[in-house]
Amino acid sequence: MPSHALGGKHPIPVLLHASDPLSEAGARAQLSDQRAIVLTPDGSRPGTVPLLVADSADDETVTRWCAAAPPDGPRAVLVTGRLRQSGLSNVVAGGIGAVVWRHEANGPRLVRAVTAVARGEGDIPADLVRALMDQVSSLLPQAAAGRSPRPTVLTAREVSILRWAADGEETGQIADRLGYSERTIKRDLHDLMKRLHLRNRTHAVAYALRAGYM
C-alpha cells in the first residue's frame with residue numbers, strides 16, 4: 001500500500017475532472033496550498049484519486065466516468081451541488097467513494113475526502129447515507145416473499161461494523177465500540193468489500209440492507 005494511503009509524507013496524486021472551466025479553476029484554487037495533495041495531469045501515478053467536480057451528479061462528466069470505471073479501478077471523490085436520491089445507489093455502485101457538497105468544498109474538506117478514498121475508506125455525508133438506507137429498505141418488503149437465500153454469509157462482527165458505519169461512525173470509533181483495534185476493523189472492512197466486490201462502506205451498507213442483515 002502506498003505510504004500516502006497510510007498517512008505518510010508523500011502527497012496524494014489527484015486527477016481533476018471538471019464539468020466546466022470555472023469549476024476547474026475553483027478546485028485548483030482550493031487545493032493550491034494543500035501540501036497533502038498534488039494535482040497530476042494523468043492517472044498513471046500509483047494511488048491516483050480522481051476528483052470529479054460538477055454542478056449535478058447527472059452531469060455528463062460524472063455519468064461518463066461512472067459508466068467507464070472498471071469494478072476494480074480507483075474510486076473517485078465527487079464534488080457536486082445536486083444529487084438525486086433516486087440516483088444515489090447508482091453513483092455509489094459506479095465508483096464514487098466520497099461525496100462533498102459544493103458549498104462545503106474548501107481545501108481541508110477536499111483533503112479529508114481524498115485521504116479517506118486513498119485509504120480505502122469512504123466519506124459520504126450523513127444525510128446521503130440515511131437516504132441510501134431508506135431507498136434500499138423500501139425495496140425489502142417487496143422482495144421479502146420471494147427472497148432467495150443470502151448469497152454470502154456475513155459474520156456477526158461484520159454486521160456490527162456495518163451497522164455502526166451506517167450511523168456515520170469512523171473506523172476508530174467503531175473499533176472502540178466493538179473492542180478491537182482500528183487496524184482490525186479496517187482489515188475486516190477491506191476483506192468484506194473485496195469478497196463481495198463492493199466499492200466502499202456505503203455500498204457495503206446497502207448490500208447488508210438488501211440481503212436482510214439490517
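Select strand 4, residues 76-82, in this predicted model. Of its 7 residues, 5 are buried, so the strand is largely enclosed by the rest of the structure. Buried here means under 20% relative accessible area.

Strand 3, residues 49-56, pairs with strand 4 in the parallel sense, over 5 bridges. Strand 5, residues 96-101, also runs parallel to strand 4, and this pairing too has 5 bridges.

Show the side chain of Leu-78. Which residues stand opposite Leu-78? Leu-52 of strand 3 is one of them, and Val-99 in strand 5 is another. While side chains are on display, keep in mind that in a regular strand they alternate between the two faces of the sheet.

Now move to helix 1, residues 21-31, and colour Ser-23, Ala-27 and Leu-31, which are buried. Look down the helix axis: the buried residues fall within an arc of 60 degrees, so they line one face of the helix. On the face turned away from the buried side, select Pro-21 and Leu-22, which are exposed.

What do the buried residues of helix 1 pack against? Select strand 1 (12-18), strand 2 (37-39), strand 3 and helix 4 (107-118) to display these partners.

Finish at the start of helix 1 with Asp-20. A side-chain oxygen of Asp-20 comes to within 3.1 Å of the backbone nitrogen of Leu-22, one of the exposed residues already selected.

Terms used: Residues numbered from 1 in each chain as written. Predicted model: local features only at pLDDT ≥ 70, side-chain atom pairs only at ≥ 80, totals over all residues. Heavy atoms only, no water. Buried < 20%, exposed > 50% of the residue type's maximum accessible area, 1.4 Å probe, protein only. Helix = DSSP H or I, 4+ residues; strand = E, 2+ residues; numbered from the N terminus. Pairing = 2+ DSSP bridges. Arc of directions from axis to C-beta. Contact = heavy atoms within 4.5 Å. Polar contact = N/O pair within 3.5 Å; in protein donor to acceptor, adjacent residues only side chain to side chain.
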